[in-house]
Amino acid sequence: MEENQLMESGVSELNSNAFFIDPVRILNRSYTRFRVSPSTYYSRFFDSLNSAQSPKASEDSRKGKRKRKKKIQSLNEREQIADRRHQEVKPFLLKAHEALLEATDLLKVLRNLRNDGCSVGECKELSQESSELSFMELGGVWQAPLCEIVLNYQQDDKTFQNGGFPLAQSIEQKVTPVFNNLVANEGSYDIEAELFNHKYIIPKRSCFYMSDMQQIDSLIPAGSDCGFNLIVIDPPWENGSARQKVRYPTLPNRYFLSLPVKQLCHTSGALVALWVTNREKLRDFVENDLFPKWGVTYAASFYWLKVKANGMLTGELDLFHHRPYECLLLGYCDGKDTHSGNSTRLNPIPDNRVFISVPGDYSRKPPIGELLLDYVPGSMPARCVELFAREMIAGWTSWGNEPLHFQDSRYFVSK
Ligand code: SAM
């Protein structure tokens with residue numbers, strides 16, 4: 001039955017603490033007129049070789065590699081701590097992965113996620129445009145304050161009748177600065193937007209603020225009860241390894257100390273979810289410097305386990321610097337009302353929860369924000385923000401220097 005759950009919601013429970021997710025289906029909840037294109041989302045890990053190979057065959061080849069790798073170099077002190085952390089979480093990851101490999105019907109669905117719902121020729125790719133706009137370059141020029149985005153609101157919103165076809169169509173345009181400005185689509189339908197001959201799809205009830213970190217204070221709410229109850233943060237951490245390819249600028253850790261997390265927090269408090277790499281130096285910095293500075297108290301860790309289209313892990317679990325999983329640290333930030341007795345009782349966050357999915361583009365995280373809503377303080381609907389976002393989600397504010405990146409129409413098909 002796991003495959004039915006997946007088809008309906010994009011989330012399938014493998015066991016009480018492990019879930020398989022299809023980010024495309026989850027993201028599609030934000031759209032009415034368009035759909036996220038599975039073939040552009042799943043740009044990797046679906047090549048014919050790895051999807052044709054059976055889980056058993058690739059497991060055997062991994063065992064071979066593991067044998068070769070056994071003569072492991074000695075680890076320094078920090079690496080030993082990282083290894084202990086890894087050994088602690090490994091049983092949860094293995095159990096989750098085993099549950100996926102046992103779900104044979106789900107594995108069949110998984111293999112086809114890239115072609116999902118689109119028979120050849122049925123889905124119309126929206127964009128033939130091969131280049132993407134570089135928002136970082138655009139935002140850095142002196143003309144940036146003059147750059148405007150055109151939002152096209154279709155007036156047929158209420159006239160989708162006669163089997164879904166609009167009776168008449170008129171477009172109302174709104175033109176507004178694209179940088180250092182809160183740009184919102186408050187309607188219940190997604191809309192198309194234009195910027196320098198590029199098209200972007202803006203989800204229903206969503207907004208973005210595109211700026212450098214120096215302007216992030218503009219997001220701090222004027223009214224004290226207008227803060228956010230859920231704050232997801234995926235910082236551009238420095239990599240450490242010069243060899244690793246980076247597609248965006250990174251910042252030294254100390255810069256993130258100045259993120260105004262406390263000020264962004266709602267008076268009834270916030271759940272803060274921070275993506276971290278597996279490097280021990282970073283984990284140490286987050287625990288001892290960053291969370292205390294932000295006023296965040298650690299609560300639990302979730303893991304994102306990455307698999308290929310054939311269900312196998314994207315890399316060896318024990319390979320030191322290239323683990324096939326990433327960690328989301330969860331903590332609470334108190335708001336002014338947190339201790340006043342007005343706050344609602346929260347569900348306890350389960351520790352070591354595992355989400356499995358096939359990764360999308362480089363460094364793109366699965367949209368698990370809404371799977372955190374059960375643990376968010378304050379009244380519903382929660383006010384949610386993603387910091388350093390590269391995409392938009394219905395009901396969320398997306399902030400970063402390129403929140404429109406994955407909104408480019410090349411990532412969508414029309415329904
Ligand atoms: N969560 C994103 C996703 O799933 O696609 C990935 C975020 S990526 C790790 C970090 C983002 O921070 C990149 O989009 C990068 O351009 C942005 N960034 C880097 N330096 C920045 C700065 N000074 N101000 C604002 N954003 C910045």
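Six nonpolar, one polar and two charged residues make up the lining of the largest cavity. Here Ala, Val, Leu, Ile, Met, Phe, Trp, Tyr, Cys and Pro count as nonpolar, Asp, Glu, Lys and Arg as charged, and the others, Gly among them, as polar. The model is predicted: local features need pLDDT of at least 70, side-chain atom pairs count only at pLDDT 80 or more, and totals for chains, interfaces and linings use all residues. Residues are numbered from 1 along each chain as its sequence is written, and side-chain values use heavy atoms, with hydrogens and water left out.

The lining of the largest cavity consists of Leu 27, Tyr 31, Val 36, Arg 364, Glu 391, Phe 406, Gln 407, Tyr 411 and Phe 412. The space inside is about 40 Å³. One cavity of 30 Å³ or more is found in the whole structure. On a 1 Å grid over the protein atoms alone, a cavity is a set of points where a 1.4 Å probe fits but cannot get out; a pocket is an open set with protein on both sides within 12 Å along at least five of seven lines; lining residues have an atom within 4 Å of a point. Grid points are joined across faces, edges and corners, and a volume is the space filled by probe spheres set on the points.

The second largest pocket holds about 670 Å³ of space. Its lining comprises 29 residues, with Arg 205, Cys 384, Gly 395, Trp 396 and Thr 397 nearest the centre. By class, 16 are nonpolar, seven polar and six charged. Strand 9 (182–185), strand 12 (206–210) and strand 19 (396–400) each contribute at least two lining residues. Strands (E, at least two residues) and helices (H or I, at least four) are DSSP runs, numbered from the N terminus.

A ligand oxygen lies 2.8 Å from a polar backbone atom of Lys 365. For Asn 401, a polar side-chain atom is 2.7 Å from a ligand oxygen. For Glu 402, a side-chain N or O atom is 2.6 Å from a ligand oxygen. Alone, the ligand exposes 610 Å², and the protein buries 97% of that (Shrake-Rupley method, 1.4 Å probe; for residues, only the protein chains shown count as cover).

Conventions
Polar contact = N/O pair within 3.5 Å; in protein donor to acceptor, adjacent residues only side chain to side chain.
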